[in-house]
Amino acid sequence: MYQTELARSGKRLFFIRGTYIYITIAISVLIAWCSKDWGPFQSAFGDCAWFWLSLGVASAGAIVRVFTSGWAALGTSGRAKVAAEASELNTTGPYSLVRNPLYVGRILNFTGIAMLSGSWVFGAIVFLLAILIYERISIYEEEFLREKFGAAHAEWAKDVPALLPRLHGWVKPKYPFWWKRMIWREQNKLFLLATTVFLTWFARLDFNFDALTAAQWNWVYAYAALVVVRFIIGGLKMAGFFKELS
């Protein structure tokens, strides 16, 4: 009964999961703007270390997702918005170490983005909330996979943990790494990570272009170039470059 209730709440959370990152980014930027702190420490060295730790955690999550999406089979829930879907059971590559590598990546990514606010409290809250949310979403998807794949899912789930990766048992990916598929699935998340870094930095300057030094303008130009790349990818999508992946 409890498992069924978790699956029901997971289905609701699955449907709106695309909004979580925007909420986390908005709150991170707001905290950075209000506090002007780069980290929770009194020293500049400690705050600098916190920034790089935050960026490292967020980037680690992004890297996990990049490799998972590049090796995953098509027709899975990676881009599904309404309900779980799977044309086949992913059990190789990252899926041989943990059953939900995309969600492990998302938990790390969300936590790092929250830490970029400079607040350890917000980072801890987002970490705990992300675990609770994605635990329920993974239970909902497990119910779907168990129904569809039966014994094959049971055999895989018997040895592979749900969210805490094991350190052994790597199985060579079934498919070669497909950059096009990875870009289709993950380019927006990578762009949002870069946006968080830029906006939390700019927020600490009160979003004041007049306060920027010549060196700091280079970061603005770099981000503007990234926005242009993002629009180019969007144009390729509209032109049908990713048609077979949609």
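Predicted model: local features only at pLDDT ≥ 70, side-chain atom pairs only at ≥ 80, totals over all residues.
**Exercise 1.** Work out how helix H4 and helix H5 are oriented towards each other: roughly parallel or roughly antiparallel?

*Solution.* 
Step 1. Two packed helices are described by the angle between their axes and the distance between the axes.
Step 2. Find helix H4 at residues 101-115 and helix H5 at residues 120-149; their axes come within 9 Å and cross at roughly 160 degrees.
Step 3. Angles over 145 degrees count as roughly antiparallel, and H4 and H5 are therefore roughly antiparallel to each other.
Step 4. Now look at who makes the contact. From H4 come residues including Tyr-103, Ile-107 and Phe-110, and from H5 residues including Phe-122, Val-126 and Tyr-134. Sorted by class, this contact has 12 nonpolar, 3 polar and 2 charged residues.

**Exercise 2.** Locate Arg-99 and decide whether Arg-99 is buried or exposed. Then find which side chain is joined to that of Arg-99 by a polar contact of 2.8 Å.

*Solution.* 
Step 1. Follow the chain past helix H3 (44-71): Arg-99 sits in the loop between H3 and H4.
Step 2. The relative accessible area of Arg-99 is 15%. Buried means under 20%, so Arg-99 is buried.
Step 3. To complete the surroundings, leave out residues up to four places away in sequence; Arg-99 then touches Glu-142, Trp-156, Ala-157, Val-160, Pro-161 and Ala-162.

Conventions
Residues numbered from 1 in each chain as written. Heavy atoms only, no water. Axes fitted to C-alpha atoms, helices over the stretch in contact; angles between N-to-C directions. Helix = DSSP H or I, 4+ residues; strand = E, 2+ residues; numbered from the N terminus. Parallel < 35°, antiparallel > 145°, perpendicular 65-115°, else oblique. Contact = heavy atoms within 4.5 Å. Nonpolar A, V, L, I, M, F, W, Y, C, P; charged D, E, K, R; others polar. Buried < 20%, exposed > 50% of the residue type's maximum accessible area, 1.4 Å probe, protein only. Polar contact = N/O pair within 3.5 Å; in protein donor to acceptor, adjacent residues only side chain to side chain.
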